Amino acid sequence: MFALSPLAALCTVLQAVRTSADTNAQLLRKNEAATRAALIDPVLRALGWDTADVRMVEPEKTIGVKQALDYVLYDAAGAVSVVIEAKKLGESLDKLGHIGAAIGYAFSLKPKKLLITDGINWHYYSPGHSNFHPVETISLLKTPLVEAALQLVQWLDAAQSGHGIPAAEPAGPVAKPAAATGTTAAIKSPNPTLPFPAANNKPAFVELAQVRTLALTPGQKPTTLQLPDGSVVPIKTWKDVLVQLSLYVLQQRPSTPVPHPDKAGKKTSLFSWNKPKDGIGYKETTLHGRPLYIHTNYSAASCVANALHVLRLLPDTAVAAIAF
């Protein structure tokens with residue numbers, strides 16, 4: 001008899017959360033504590049957080065004289081890793097006054113991440129993000145469950161904070177490094193908060209999908225991009241990541257519909273035949289003999305999100321990686 005994979009097990013929990021939200025909506029829309037117990041705690045437990053261990057998950061942590069943070073999650077060393085602000089089911093997560101207060105109090109603890117959720121909708125904020133708009137959002141009612149599960153793992157897997165990681169085995173004989181065989185391949189790090197160390201004087205790469213989990217210093221920029229075919233190109237900015245991956249995808253998939261919306265999917269086209277207005281950043285290229293414009297007027301976080309967005313136009317096996 002086979003066991004569920006960790007991802008499948010998490011999807012099962014998320015489906016149960018959706019069902020509970022629908023079945024108990026009348027109560028949960030009036031009661032934040034019930035929302036936390038029925039919709040949020042099960043997700044945290046599925047991601048490896050013991051909600052009964054107050055040294056790991058501290059509820060109602062008081063900041064100042066009256067502000068209480070709903071969940072403060074600590075890493076294995078006891079440092080604040082994540083802060084989560086909970087709302088009643090269906091309560092707005094975008095009220096500027098509430099968001100500003102939550103961000104101010106939460107970031108005073110210097111967490112790596114802040115999430116605001118009503119159990120169904122999850123908004124992710126980063127300390128490096130300078131305004132009150134979330135870096136990423138998911139909805140368990142709208143986002144495909146597998147995609148939502150993967151996103152929650154990136155944001156909240158307790159292993160990223162050192163929990164559940166086996167102790168290192170005593171060091172044995174040092175193995176000889178394998179002979180170099182060309183371009184360094186992108187490798188998934190067992191701890192996505194750190195890339196693998198460089199080897200043979202080659203840069204250390206970390207998958208682009210894991211960049212949002214890294215504890216980057218303010219202003220830190222990538223230096224090298226590894227494309228899905230293994231080729232490596234030098235870069236200087238996060239916009240370069242978006243441009244190079246866009247050019248690669250358009251070359252591999254010239255049938256990409258144009259205009260093509262960006263990740264937000266609202267007014268802005270990532271790819272367009274129309275030249276952007278003056279003052280709007282873009283990269284000009286050619287597709288089917290016509291000038292094509294790649295929109296680049298994004299923050300660093302949005303450049304990464306849109307680079308991953310365009311990468312999804314290729315098969316699931318397509319992976320990009322960066323080095324610093």
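This is a predicted model: local features need pLDDT of at least 70, side-chain atom pairs count only at pLDDT 80 or more; totals for chains, interfaces and linings use all residues.

Trainee: How many residues does helix α1 have?

Mentor: Helices are DSSP runs (H or I, at least four residues), numbered from the N terminus. The expected span is 1.5 Å times one less than the number of residues. Helix α1 (residues 6–23) has 18 residues and reaches 26 Å from first C-alpha to last, close to the 26 Å expected.

Trainee: Is Ser-20 buried or exposed?

Mentor: Buried means under 20% relative accessible area, exposed over 50%, partly exposed in between (1.4 Å probe, protein chains only). Ser-20, in helix α1, has 17% and is therefore buried. Contact means heavy atoms within 4.5 Å. Leaving aside neighbours within four places in sequence, Ser-20 is in contact with Ala-25, Leu-28, Ala-38 and Leu-39.

Trainee: At what angle do α6 and α7 pack?

Mentor: Axes are lines fitted to C-alpha atoms, for helices over the stretch in contact, and angles run from 0 to 180 degrees between N-to-C directions. Helix α6 (residues 238–252) and helix α7 (residues 300–311) pack at about 15°, with axes 8 Å apart. Angles under 35 degrees count as roughly parallel, over 145 as roughly antiparallel, 65 to 115 as roughly perpendicular and the rest as oblique. The two helices, α6 and α7, are therefore roughly parallel to each other.

Definitions and conventions: Residues are numbered from 1 along each chain as its sequence is written. Side-chain values use heavy atoms; hydrogens and water are left out.
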